[in-house]
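Here is my note on the model, point by point. Please read it with the structure open.

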Amino acid sequence: MTKSSEIMSEEAKNAKSIYDFTVQDTNGEDVSLEKYKGNVVLIVNIASQCGLTKNNYKKLTDLREKYGDKGLKILNFPCNQFGSQMPESDGEAMVCHLRDAKADIGDVFKKIDVNGSNAAPLYQYLKAKQTGTLGSAIKWNFTKFLVNKEGIPVNRYAPTTDPMDIAKDIEKLL
């Protein structure tokens, strides 16, 4: 058994898909991911002050505009674990930041940890299903997970992968 699986929550271990998770939106309200059943989902850990922010916000907005009506949902999870580059608080501060950045990037959830002993169960699950260059660890802000209509993670993309470069994979799943 690997170290990362030893600290994996029961929720993450027992999950069959992302639909088995309930997360909190930026205002602290519970959201069952079953709400996204039948859609292709792109899950991204975002940050406001990263060198990758401007391009990712623009291109995620473009992806949402191009494929949102066809069944793509983008789920954004703010994370402050990498260089403290997401200092905004949940709720109104987060909403204001995204509005000011003209980032219409999809649904935004409560700030979470994606690595370590406090990693959100959803991210424990995603990392176990799709490993990256650092094994299961998330390398940096804007790591992206593509999830099929059945709620199964099918691919993982590096922080530097331009969201528009994922378009061909999204089209195959739609």
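**Notes on the sheet and its cores**

1. The sheet comes first. Five strands form an open sheet, ordered β5-β4-β3-β6-β7, with mixed pairing. Strands pair here if DSSP finds at least two bridges between them. Strands (E, at least two residues) and helices (H or I, at least four) are DSSP runs, numbered from the N terminus. The edges are β5 (107-108) and β7 (153-157); each has a single partner strand, so one side of each is left without a neighbour in the sheet.

2. A word on the source. This is a predicted model, in which local features need pLDDT of at least 70 and side-chain atom pairs count only at pLDDT 80 or more, while totals for chains, interfaces and linings use all residues. Residues are numbered from 1 along each chain as its sequence is written, and side-chain values use heavy atoms, with hydrogens and water left out.

3. Now the pairings. Strands β3 (residues 40-46) and β4 (residues 72-78) run parallel and are joined by seven bridges. Asn45 has Phe77 in β4 as its bridge partner. Helix α5 (residues 121-129) packs on the sheet and touches β3, β4, β6 (144-147) and β7. Contact means heavy atoms within 4.5 Å. The direction of α5 makes about 110° with that of β3; axes are lines fitted to C-alpha atoms, for helices over the stretch in contact, and angles run from 0 to 180 degrees between N-to-C directions.

4. Next, β6. It pairs with β3 in the antiparallel sense over four bridges, and Leu42 stands opposite Leu146. Four bridges also join β6 to β7, again antiparallel. Lys144 has Tyr157 in β7 as its bridge partner. The two strands form a hairpin with five residues between them, and Gly151 in the turn has a positive phi of about 85°.

5. Which way do the β6 side chains point? Lys144 and Leu146 go one way, Phe145 and Val147 the other, and all are buried. Buried means under 20% relative accessible area, exposed over 50%, partly exposed in between (1.4 Å probe, protein chains only).

6. Last, the cores. A nonpolar core is a set of buried Ala, Val, Leu, Ile, Met, Phe, Trp, Tyr and Cys residues joined through side-chain atoms within 4.5 Å. The largest has 27 residues; Ile18, Ile43, Phe77, Leu122, Tyr123 and Leu126 touch the most other members. Two or more residues come from each of β3, β4, α5 and β6. Helix α5 gives the largest share, four residues. Another core, of 24 residues, lies apart from this one and includes Cys50, Leu72, Ile166 and Ala167.
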